[in-house]
Amino acid sequence: MHRAPNLWHWVIAGLVVSLAGVGYDVARAMPQRTLPGAMRHVTHAATPAVQAAVLLQLDDCSGNLRMLHVLHRGSTSRHIQLAVIWYVGPVSDSTNIRTALPSWTAAIPLRAAPPAVVRQFASLGHTTTPALLVLDQEGRVRFTTQSPRSSREVAGLRRIIEGLTWIEEL
């Protein structure tokens with residue numbers, strides 16, 4: 001004998017569907033807990049093998065963005081793509097930050113830094129901004145640094161980034 005579903009069957013079915021939806025949302029959000037996962041949310045399939053991100057705040061835009069200039073110079077700009085600029089601070093800062101950034105960054109997404117991204121940078125020792133993140137061809141964190149403080153550090157950063165973007169032809 002087959003019984004018609006009662007109210008409890010519908011409640012249980014609703015709970016199962018709801019929990020499945022929550023599980024899906026959690027699984028989808030999990031990659032953002034790592035820096036490479038957060039980068040995957042802003043990159044496109046047709047991007048170069050080496051990608052970078054910058055974490056900054058409005059106060060940095062008054063002259064402490066040397067690393068952006070390094071990323072935009074010479075062969076470096078052909079081998080590495082700045083995929084996202086994350087900022088720390090209120091959403092209202094985004095307009096002022098965008099205005100202060102170099103014009104070549106206009107096409108780069110400017111996004112509020114997810115708390116997990118800020119925590120990951122801090123766990124790597126970067127508790128101040130601006131900070132640079134470079135992922136290798138496999139999407140792993142290859143290099144992080146603070147903004148260079150001198151022309152000598154700028155030159156060193158340029159050499160490091162050039163070394164990271166060089167792919168040996170076998």
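**View 1. Val-54 stands opposite Leu-132 in strand 4.** This is a predicted model. Val-54 also has a partner in strand 2: its bridge there is to Ile-85. Look next at Leu-55. Its bridge partner in strand 4 is Ala-131.

**View 2. Strand 1 pairs with strand 2 and with strand 4.** Strand 1 covers residues 50-57. Strand 2 covers residues 80-88, and the two pair in the parallel sense over eight bridges. Strand 4 covers residues 131-135 and pairs with strand 1 in the antiparallel sense, over five bridges. Strand 1 is mostly covered, with seven of its eight residues buried.

**View 3. Strand 4 is largely enclosed by the rest of the structure.** Why is strand 4 described as largely enclosed? Five of its five residues are buried, so the rest of the structure largely encloses it. Ala-131, Leu-133 and Leu-135 point one way from the strand. Leu-132 and Val-134 point the other way. In a regular strand, side chains alternate between the two faces of the sheet. Here, the residues pointing either way from strand 4 are all buried.

**View 4. Strand 4 and strand 5 form a hairpin.** Strand 5 covers residues 141-146. The two strands pair in the antiparallel sense over five bridges. Leu-135 stands opposite Val-141 in strand 5. How many residues lie between the two strands? There are five. Gly-139 sits in the turn, with a positive phi of about 85°.

Technical notes: Residues are numbered from 1 along each chain as its sequence is written. This is a predicted model: local features need pLDDT of at least 70, side-chain atom pairs count only at pLDDT 80 or more; totals for chains, interfaces and linings use all residues. Side-chain values use heavy atoms; hydrogens and water are left out. Buried means under 20% relative accessible area, exposed over 50%, partly exposed in between (1.4 Å probe, protein chains only). Helices (H or I, at least four residues) and strands (E, at least two) are DSSP runs, numbered from the N terminus. Two strands pair if DSSP finds at least two bridges between them.
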